[in-house]
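Please consult the sequence and the structure shown here while reading.

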Amino acid sequence: MDLVSGYKGMVGLVFGNENSGSSEDSYVERLLDRISNGALAEDRRTAVAELQSVVAESRAAQLAFGAMGFPILMGVLKEERDDVEMVRGALETLVSALTPIDHGKGPKNEVQPALMNTDLLSREAENIALLLSLLTEEDFYIRYYTLQLLTALLTNSPNRLQEAILTIPRGITRLMDMLMDREVIRNEALLLLTYLTREAEEIQKILVFEGAFEKIFSIIKEEGGSEGGVVVQDCLELLNNLLRNNASNQILLRETMGFDPLISILKLRGSTYSFTQQKTINLLSALETINLLLMGGPEAESAKDANRLLTNKTVLVQKKVLDHLLMLGVESQWAPVAVRCAALQCIGDLIAGYPKNLDALASKVLGEEPHVEPALNSILRIILRTSSVQEFIAADYVFKCFCEKNSDGQTMLASTLIPQPHLMTHAPLEEDVNMSFGSMLLRGLTLNENDGDLETCCRAASVLSYILKNNIQCKERVLRIELEAPMPSLGAPEPLMHRMVKYLALASSMKSKDGKSSPTGNLYVQPIILKLLVTWLADCPNAVHCFLDSRPHLTYLLELVSNPSATVCIRGLTAVLLGECVLYNKSSESGKDAFTIVDSISQKVGLTSYFLKFDEMQKSFLFSSAKPAQPRKALTRSNAASMAEIEDVEENDSSNQNEDHPILISTFDAQFVNLVKKLELDIRENIIEVYSQPKSKVAVVPAELEQKSGESDGDYIKRLKSFVEKQCSEIQDLLGRNANLAEDLAKTGGGSISQPEQRAGGASERVQVETLRRDLQEASQRLEMLKTEKAKIESEASMYQNLAGKMESDLQSLSDAYNSLEQANYHLEKEVKALKSGGATPSPDIDAIKAEAREEAQKESEAELNDLLVCLGQEQSKVEKLSARLLELGEDVDKLLEGIGDDMGLPEDSEDEED
């Protein structure tokens, strides 16, 4: 009852005092009194009905009921089971007391009576046990209201109810039994179990062992699969709760029922062109289940988790899930965008890192004879044509997963990259059905270039970057591709790489169709093309050579890296691209070698400013927020409708003008960010190393030092002088470069604080070590000299300190002696003055004093003598007794006592002497 009394205090706080709100308070109290003490059963039932009505409509009544009513109604549930109508009314009243009343008014921090009542009711585990026992009652409404009441408790206080149900014997079993009850009760029990299994692993396992999988799929089949209503959605949400981050339940599902019932939900039945909102949500829930079987948990054990996922992927592909996913994501273009995106993402997860599934996707063909084409071609067409940003990201994810660590797949796709005649390249879009994958990709790379619309080119560049990633053979192959000029009369064919750099430059001045500048397009077009070039040039000297074949390329990059209007990531990626031109540069041609690139960077940008681009990029949102793939947000009743209706990113949306554009976030994934970070460290070290070395060593040819035949002495001297001047010029240039390098490095040292450990051992130290070694030696010698001088000074100071202490001690002693002499002299002078004053003081009587002292000494001696005599008398008596005893024993007493007197003589003599 202390809890209730505390609750009454809260009620008083809400009402202000006992009188305010008295109408509801007193009314509820009267009704509770009638229920508790009423004599007539009908009157008590009426009171319960009235109480339910007022509690359902008034927040004040809910508060008043919470303060007084729970013990009374729980008593009704416990003791009056036979009165069905009374129990029904009590349960319905409790449900009303726990249901929030939203009038749309009042402050946000206003007390919520429903939450307080939930807390009060759920604190006692006995209350939960009592409610679970009501599920065995035969009355339909009792079971129905009990489930509603448990759901309300679980909604407002999930953890406490989960713990209570786990401690109650057969508590979960009773809930599971409700799934086999009448439809209304089954649906309520399904909703209750959905709330109960969220983040409760123990309850998840118990439900599975109680046969939850069989009952869930039985209900789904009964309701019509994906065509069913919200009950199917609840079943799939419960299924996902049981499988999410729970490896044992996934294995149990696979080994018992298998994945067939799940895959059958993905089959499109009836009118495949009809997608209601509920059907869309059901399909999304089923696709989420597939995703849970393909993705590992956040804290799963790596080895076991990898084996489980591998087995799941194997079984799913064996069950033809790939066909259903391709139907939903690729072939069914009338399906909602959300469903297509989810299906494409599942395809990517299904093939990621699993060679058999990669081969399965590569060999899939879609359509019907004679109009069939490879599935990859169809997915590429989605990338190039779709108007949905989300669908592009999902389809792009498929190619990312397909090309990751799949060199055979990359080579297969690259082998189809064959340029088409100019007329074919500019044919209508409908004719790309008969094109190969490579031809379609090349067509996408060059499409709409004359219109200034580089959207399609940007998307194709993203796919090409996956094909080239970490594959030297593909990079070399694509390097040899040459494209015809837009008009044959404009010139010879140009390499594909040069065309990409051209589009990179065009993107900065890209215009929208209405003629206005389009910063949104530039926001992700340039980064994606830069990503392609960075991936292409990585570890590929031939690609660097091709890139530098055109001198304007280097000039443009130097302008872009210092362009203030470009974003941080564009400038950073441009700096990486310039660094790759140095890092992987094997050319010795003048104007293309690494030294020339570094020299251009130093003169046009400055090494300090150049290195600063890396630091700015690393601190940007895209790089700092790049993380490995995260589990997707769970689909629940509350967010299902919003997730089913994906709205594309609006071009004019101001929130997407920053670096959080979805395409940019997908482009700068964790793998690409790690690649850039690794390149940055190598680039820094390599550039400093190249910059610190001379451009070229003067070749001293002996023939040039000798006088040629017929050459006059004057000409010979002039030639030698010119040769020496050339050497001096190069030496001066080298000295100047080293001075600039030292200055830049000194400045850069403060700008690279973010990774001091990684860069401390870089080339900058090697550059400075020669310069600092001499200063270090001089400083060391100077330090040693200072240490020696310091030790000498400290020794002298210690000696002087000891000497001063000794002198201070001597002075103190002299001072004390002088003071004592002064006092003695004072007393003597005083006595002399007293004697001179006439001898008024009488001299003491010395004889009287001596006599008195002698008398006192004699008295003390007499006392001691008397004590000695007493002791001698006692000893004499002891001797006599002992002598008599010895005589009786036959001993010679005189012989025994012989010599004892002599021994005692010495002390006696000495005593006499003292006397």
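## Leucine 413 and its surroundings

Leaving aside residues up to four places away in sequence, leucine 413 touches Leu376, Phe399, Phe402, Cys403, Phe437 and Ile467, where contact means heavy atoms within 4.5 Å. Leucine 413 belongs to helix H25 (residues 407-414); helices (H or I, at least four residues) and strands (E, at least two) are DSSP runs, numbered from the N terminus. With a relative accessible area of 1%, leucine 413 is buried. Here buried means under 20% relative accessible area, exposed over 50%, and partly exposed in between, for a 1.4 Å probe and protein chains only.

Leucine 413 and leucine 376 are separated by 37 residues in sequence, and their C-alpha atoms are 9.5 Å apart in space.

## Basis of the model

The model is predicted: local features need pLDDT of at least 70, side-chain atom pairs count only at pLDDT 80 or more, and totals for chains, interfaces and linings use all residues. Residues are numbered from 1 along each chain as its sequence is written, and side-chain values use heavy atoms, with hydrogens and water left out.

## Glutamine 204

Glutamine 204 is found in helix H13 (residues 201-209) and is buried, its relative accessible area being 5%. Not counting residues up to four places away in sequence, glutamine 204 touches Thr197, Glu199, Asn241, Leu242, Arg244, Asn246 and Asn249.

In helix H22 (residues 355-363), the buried residues are Asn357, Leu358, Ala360 and Leu361. Seen down the axis of H22, these residues fall within an arc of 160°, so they line one face of the helix; the arc is that of the directions from the helix axis to the C-beta atoms. An α-helix has 3.6 residues a turn, so residues three or four places apart point the same way.

The face of H22 turned away from the buried side carries the exposed residues Pro355, Lys356, Asp359 and Ser363.

## A strand pair

Strand E1 (residues 365-368) pairs with strand E2 (residues 371-374) in the antiparallel sense over four bridges; two strands pair if DSSP finds at least two bridges between them. A hairpin connects E1 to E2 through two residues. Leucine 366 stands opposite glutamate 373 in E2.

## Helix packing

Helix H24 (residues 389-403) packs with helix H28 (residues 455-468) at an angle of about 15°, and their axes are 8 Å apart. Axes are lines fitted to C-alpha atoms, for helices over the stretch in contact, and angles run from 0 to 180 degrees between N-to-C directions. H24 and H28 are therefore roughly parallel to each other; angles under 35 degrees count as roughly parallel, over 145 as roughly antiparallel, 65 to 115 as roughly perpendicular and the rest as oblique. Phe392, Asp396, Phe399, Lys400 and Cys403 in H24 meet Arg459, Ser462, Val463, Tyr466 and Ile467 in H28.

Helix H35 (residues 594-604) and helix H40 (residues 670-691) have axes that come within 9 Å and cross at roughly 95°. H35 is thus roughly perpendicular to H40. The contact involves Ala594, Phe595, Val598, Ile601 and Ser602 of H35, together with Ile687, Val690 and Tyr691 of H40.

## Loop residues with positive phi

Most residues other than glycine have a negative phi, and most peptide bonds are trans. Asparagine 470, although not a glycine, has a positive phi of about 55°. Asparagine 470 lies in the loop between H28 and helix H29 (472-479) and is exposed, with a relative accessible area of 66%.

Aspartate 539 also has a positive phi, near 60°, and is located in the loop between helix H31 (519-537) and helix H32 (541-548).
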